[in-house]
Amino acid sequence: NREDTSDVFRCLVSMQLYAFSTTVQREQVNEMLERFPLNLKVAYIDHGGLGERREQRGAPPGPAGRPDAIHPQQRRRYYSCLIDRTCKKAKNSDSAFRLPLYRIELP
């Protein structure tokens with residue numbers, strides 16, 4: 001009689017380069033997510049271009065004509081992301097890439 005430990009234990013794996021991984025590597029991550037569906041979560045860092053957030057909201061350009069109110073030398077926005085087995089697979093990318101459950105902009 002095997003007990004379910006999903007309400008007690010979680011395994012959080014930090015894969016900082018998941019966004020840059022190959023299709024084979026992403027398929028291996030998906031295999032692990034399928035083997036441990038309730039206990040495994042993967043955290044990684046993603047990035048987006050400047051102006052991405054304002055354009056998504058439909059907001060006008062920021063001060064001094066910059067697309068965002070961020071430091072002028074910053075070249076991109078960074079996000080902390082979390083995926084698990086419940087995340088949908090991206091349609092516009094290879095089928096092994098999962099859309100994040102959480103995508104939080106970093107300062």
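How much accessible surface does the protein have, and what percentage of it belongs to carbon and sulfur atoms? In this predicted model, local features need pLDDT of at least 70 and side-chain atom pairs count only at pLDDT 80 or more, while totals for chains, interfaces and linings use all residues. Residues are numbered from 1 along each chain as its sequence is written, and side-chain values use heavy atoms, with hydrogens and water left out. The accessible surface comes to about 7800 Å², of which 54% belongs to carbon and sulfur atoms (Shrake-Rupley method with a 1.4 Å probe; for residues, only the protein chains shown count as cover).

The protein contains 2 helices and 4 strands, which follow the pattern β-α-β-α-β-β along the sequence (DSSP runs numbered from the N terminus, with helices being H or I of at least four residues and strands E of at least two). Of the 107 residues, 30% are buried (under 20% relative accessible area, with exposed over 50% and partly exposed in between; 1.4 Å probe, protein chains only).

The largest nonpolar core has 13 residues, and those with the most contacts inside it include Leu33, Val42 and Ile83 (such a core is a set of buried Ala, Val, Leu, Ile, Met, Phe, Trp, Tyr and Cys residues joined through side-chain atoms within 4.5 Å). Two or more residues each are given to this core by α1 (23-35), β2 and β3 (76-83). Leaving aside neighbours within four places in sequence, Leu33 is in contact (heavy atoms within 4.5 Å) with residues including Val42 and Ile83.

Gly48, which lies in strand β2 (residues 40-49), is buried, with a relative accessible area of 5%. Gly48 and Arg77 are 29 residues apart in sequence, yet 5.1 Å apart in space, C-alpha to C-alpha.
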